[in-house]
Structures are given as C-alpha cells and as structure tokens.
Amino acid sequence: MFLLVGIVIILLIGAVLTYNNLVGSRNAVENAFGTIDVMLKKRYDLLPNLVEVTKTYMKHESDIFTKLADLRARANTANSTDEKVAIENQISSTVKGLMVSVENYPDLKASEQFTMLQRSWNETEEQISAARRAYNAAVTAYNNAVDKFPSNIFAGIFNFKRKEVFVIAEAERQNVSAKALFNS
Amino acid sequence: MHSITDFKSFYETALQSNLAELETSRKTIAGKIKLYGLIGIGIGLAFMAFKISAWPLILAGVGLFFFYQYHAKQYRHSYKTKIVAAIAQAHGLSYNHLACISRADYDRSKIFTTRPDRYWGDDLLTGTVDKTGIRFSELHTQYRSGGKNKSYHTIFRGIFFIADFNKHFIGETFVLPDVSENVFGSTLGGFFQKMNMMRPQLIKLEDVVFEKNFAIYSTDQVEARYILSPALMQRILNLKKKFNTQVALSFIGSHVYIAITINKNLFEAPWLFSTADNYNQLEEFHTYLMRFVEIVEILDLNTRIWTKE
C-alpha cells in the first residue's frame with residue numbers, strides 16, 4: 001500500500017516538473033522574441049537619422065530613400081510576425097546597399113556624423129543577430145522539450161506545438177552585390 | 001618584428017653587445033664564487049681532517065650560499081632589465097619584472113571562483129597594439145586545503161592577459177574550459193553545468209565544436225551572443241589551438257580577461273654558471289611575446305566598427 005502511494009507521489013512530482021519545464025521553455029521563447037522586437041525597434045529609430053544625414057549628400061540615390069520610407073511605413077502597419085520579419089529583412093538589405101553606395105560620396109564617408117551612425121547601425125545589426133540566435137536557442141530548447149520522451153506526452157495532452165526557428169531570407173544569404181544595387 | 005629571421009637580426013644588432021657585457025660580469029662572479037668556494041671548503045675540510053672542528057666547513061657553506069644568492073639576484077635583475085626588457089620593447093611593450101597583474105584585476109575577472117590564499121607573479125608587460133590596450137603577466141595562485149595536513153593547491157598558473165574589448169556591454173560573460181562535459185558526456189555533463197551555482201545562466205551556443213571545448217555562462221542571453229559572434233567563437237578556438245593548453249576567458253566591464261595555463265616559468269635568466277648568451281632561450285621569449293601580442297589580432301580586437309572607439 002505504502003509502495004503504491006510512494007510510486008504515485010513520485011509520478012505526480014515528475015509530471016509537475018515536466019509540465020513546468022514545458023511552460024518555462026515556452027515562456028523563454030516568448031521572452032526571446034520580445035528581445036528581438038526591442039532590438040528591431042532600436043534599429044527602426046535609427047533609420048530616420050540615417051536617412052536625414054545621407055540624403056543631403058546622396059542626391060542621386062533617391063530610389064533608395066523612397067524605398068526606405070515605404071518600408072518604414074509598411075513596418076508600422078505590419079501585423080503578422082512573418083510580415084514583420086520580411087520587412088525588417090528588406091530594410092537590412094536596403095541599408096546594406098546604401099552603405100555600399102556611400103563609397104561613391106567621399107564627403108559623406110568622411111563626415112563624422114555618418115561614421116557614428118554607421119557604427120550605431122553595425123551595433124544594432126549585431127545585436128539583432130544576437131537576439132535572433134538567442135531566440136533560436138530558446139526555440140530549440142522548447143522543441144526538444146516538446147519532442148523528447150517523457151515530456152512529449154504532456155506536450156500532446158496540453159497542446160504544446162513545435163515552433164519554427166528563424167531562418168535568414170534567401171536574399172540576405174547572398175552577398176550584397178554592389179553592381180546589382182547600383183543598377184536597381 | 002614577426003619572423004624568426006627578424007629576431008635573429010635584432011639579436012645580432014641590439015642584444016649581442018649587451019649580452020657580451022653581461023657575460024663578462026657573469027664570468028667574473030661565477031669565477032669568484034668558484035674560487036671562494038674552493039678556498040672555504042678546502043679550509044673547512046682541513047679542519048675536519050685534523051678533527052679540530054666541523055664549524056668552519058658549515059660556516060663556509062652558509063657564507064657561500066648567501067654570497068651566491070646575492071649575486072644571482074643581481075645577475076637576474078640586470079639580465080631582465082637589459083635583455084628581456086629590450087625584447088619586450090621591440091614588441092612595443094614596456095616591461096616590469098617585479099610587478100604583476102593586480103589581485104584586484106584577478107578578482108574582477110571572476111574566472112576563478114576559489115579565493116586564493118597565495119598570490120604571486122612577475123614579469124608584467126603592458127602596451128598598446130594599434131587601438132587596443134593590453135597588459136599581461138605571469139601569475140600563480142593557490143588555495144590552502146583545510147583539515148589536518150594543510151597543503152597548497154594551484155588554482156591557476158600561467159599568463160593572465162587583459163585587453164580592451166571592442167564592443168560595449170554591461171553584463172558578465174564567461175567562457176570556461178568544459179570540464180564536466182568532457183568527464184561526464186554531454187547529457188549528464190550538461191546537467192552539472194546547469195547546476196553550477198557559482199555561475200550565472202548557462203548559454204547554449206550553436207557552434208558544436210565551441211560547445212565541446214567550453215562551457216559558457218552569462219548574465220544575459222542576448223549579450224552573450226552579441227559578444228560571442230560566430231566569428232569570435234572561431235577565433236577563440238584558434239587561440240586555444242595556438243597555445244594548445246587550457247584557456248579561460250571572461251568579458252566584464254569592457255575588458256576581456258584571458259587566463260592561459262602555462263606550467264613553465266617564463267622570461268627567466270639562465271643559471272649563473274651557464275652562458276648568458278643562450279640564443280634558443282631568447283628566441284623562446286620572443287616567440288611567447290609574439291603569441292601574446294598576436295592575441296589582439298587573433299581575436300580581432302582592433303576592428304572598431306561598433307560604437308566603441
């Protein structure tokens with residue numbers, strides 16, 4: 001009788017721990033996603049400054065600026081995560097293109113204000129990529145909990161579903177081709 | 001000065017004259033010690049032989065010992081200030097053979113959690129490589145085990161290296177040799193890593209080779225990844241490969257602290273009774289210094305494309 005009670009108690013404790021682990025790792029994923037949002041916001045705030053500084057020098061690149069303004073407006077209204085990510089990826093590659101064309105404007109390149117902005121931009125880019133990696137690590141830990149025995153039983157019962165990791169968009173995977181950017 | 005041929009020509013132009021001078025004074029002292037030794041021990045033995053007293057021999061031994069100690073110290077001092085300092089200067093470093101990385105810096109790094117009961121070191125080297133300030137020295141720390149037979153155990157012995165880091169950060173991140181995963185395998189070892197109460201959160205990074213070599217802890221999941229970019233992980237692995245020994249790092253307060261285990265006393269003068277002009281040994285000093293200065297290059301600390309100047 002005591003043995004039976006003991007076994008039940010141990011099983012119960014095990015169940016509670018497994019369930020809590022699942023919830024904990026799901027929350028970690030949400031938290032990590034929140035961090036990406038914060039980093040993206042930081043970069044988003046830099047954008048108007050960058051445009052302001054470069055615009056006066058780069059009279060011939062109005063295409064890029066229109067595109068950036070358009071993207072910024074769209075980012076504001078984007079609802080779904082996928083859409084958000086897609087727009088942010090586009091912002092990334094457009095600004096990368098902008099940085100490449102700066103090579104043609106020695107005055108701008110030498111300007112202290114621009115150098116500082118470029119550094120801040122690099123920093124936020126690096127932080128965003130760090131936040132993405134942190135998110136992916138959290139998702140991997142969560143997915144492991146969902147898939148592995150015995151927690152997969154609870155994941156099934158309480159409807160914990162696998163989450164997708166961030167993948168870099170096809171366009172970003174390719175190196176920025178300066179020529180293609182100038183032609184566009 | 002990067003190659004061995006460079007060093008050879010430096011040795012010929014800048015070191016050899018100083019070495020020759022040092023060698024002359026060394027020979028004089030070594031000769032004196034031998035002469036006094038012979039006389040002292042001879043007289044002492046004579047007293048013994050005639051069964052007068054053992055005291056003269058003992059006194060001669062003690063006197064000789066202190067005489068040797070005094071001159072050996074002088075010799076070491078001039079060897080270090082003339083020869084080692086010149087090599088350090090050729091690498092753009094200033095050298096102080098009596099100083100070491102301070103206890104405060106050692107504690108700030110938090111690489112070792114055991115409080116040392118003995119702390120000593122020498123051969124402090126400081127300098128700036130392009131934009132990056134560096135300083136490093138030999139260090140040896142020990143703790144005393146309690147109980148009946150108290151004995152000292154080494155916590156760390158080797159080179160303790162501190163450099164400015166090229167990115168801003170506010171938290172604390174540790175890259176430590178992965179002891180538990182090597183001993184217990186990845187599952188159980190990972191469990192022990194997680195349970196380490198002395199450290200902040202365990203960070204799981206995506207680089208498998210890096211994870212096999214190191215256990216990473218940090219106060220901030222994102223910041224740890226901001227510091228440990230994929231490129232830097234590769235570079236830290238290269239660093240470990242280069243030194244082929246245990247390497248531990250911490251990133252705290254805009255500095256990177258690196259503890260490189262080396263079980264050898266570096267930058268020491270040869271024995272008083274052998275030649276001062278030992279080219280192989282000098283070349284070894286040069287190679288070690290080059291490797292330490294190269295850390296800046298290997299970890300790419302001069303790349304300042306972020307907001308930190």
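Predicted model: local features only at pLDDT ≥ 70, side-chain atom pairs only at ≥ 80, totals over all residues.
Local features need pLDDT of at least 70 and side-chain atom pairs pLDDT 80 or more, while totals for chains, interfaces and linings use all residues. Residues are numbered from 1 along each chain as its sequence is written, chains are lettered from A in the order in which they are written, and side-chain values use heavy atoms, without hydrogens and water.

**Exercise 1. The fold of chain A**

Task: find how many helices and strands chain A has, and what radius of gyration it has.

Solution, step by step:
- Start with the DSSP runs (helices are H or I, at least four residues; strands are E, at least two; numbering is from the N terminus). Chain A has 8 helices and 0 strands.
- Next, take the radius of gyration over C-alpha atoms; the globule rule is 2.2 Å times the number of residues to the power 0.38. A compact globule of 184 residues would come out near 16 Å, but chain A has 23 Å.
- Now look at the principal axes: the C-alpha trace of chain A spans about 85 × 30 × 30 Å.
- Finish with burial (buried is under 20% relative accessible area, exposed over 50%, partly exposed in between; 1.4 Å probe, protein chains only). In chain A, 38% of the 184 residues count as buried.

**Exercise 2. Backbone details**

Task: locate the cis peptide bond from A:Phe149, then decide whether A:Asn159 is buried or exposed.

Solution, step by step:
- The bond runs from A:Phe149 to A:Pro150, with omega near 5 degrees. A:Pro150 sits in the loop between helix 5 (112-147) and helix 6 (151-157) of chain A.
- A:Asn159 belongs to the loop between helix 6 and helix 7 (170-173) of chain A. Its phi is near 60 degrees, a positive value in a residue other than glycine.
- A:Asn159 counts as exposed because its relative accessibility is 51%.

**Exercise 3. Where the chains meet**

Solution, step by step:
- Apply the salt-bridge rule (a side-chain nitrogen of Lys or Arg within 4 Å of a carboxyl oxygen of Asp or Glu).
- One salt bridge joins the side chains of B:Lys167 and A:Glu126, at 2.8 Å from N to O.
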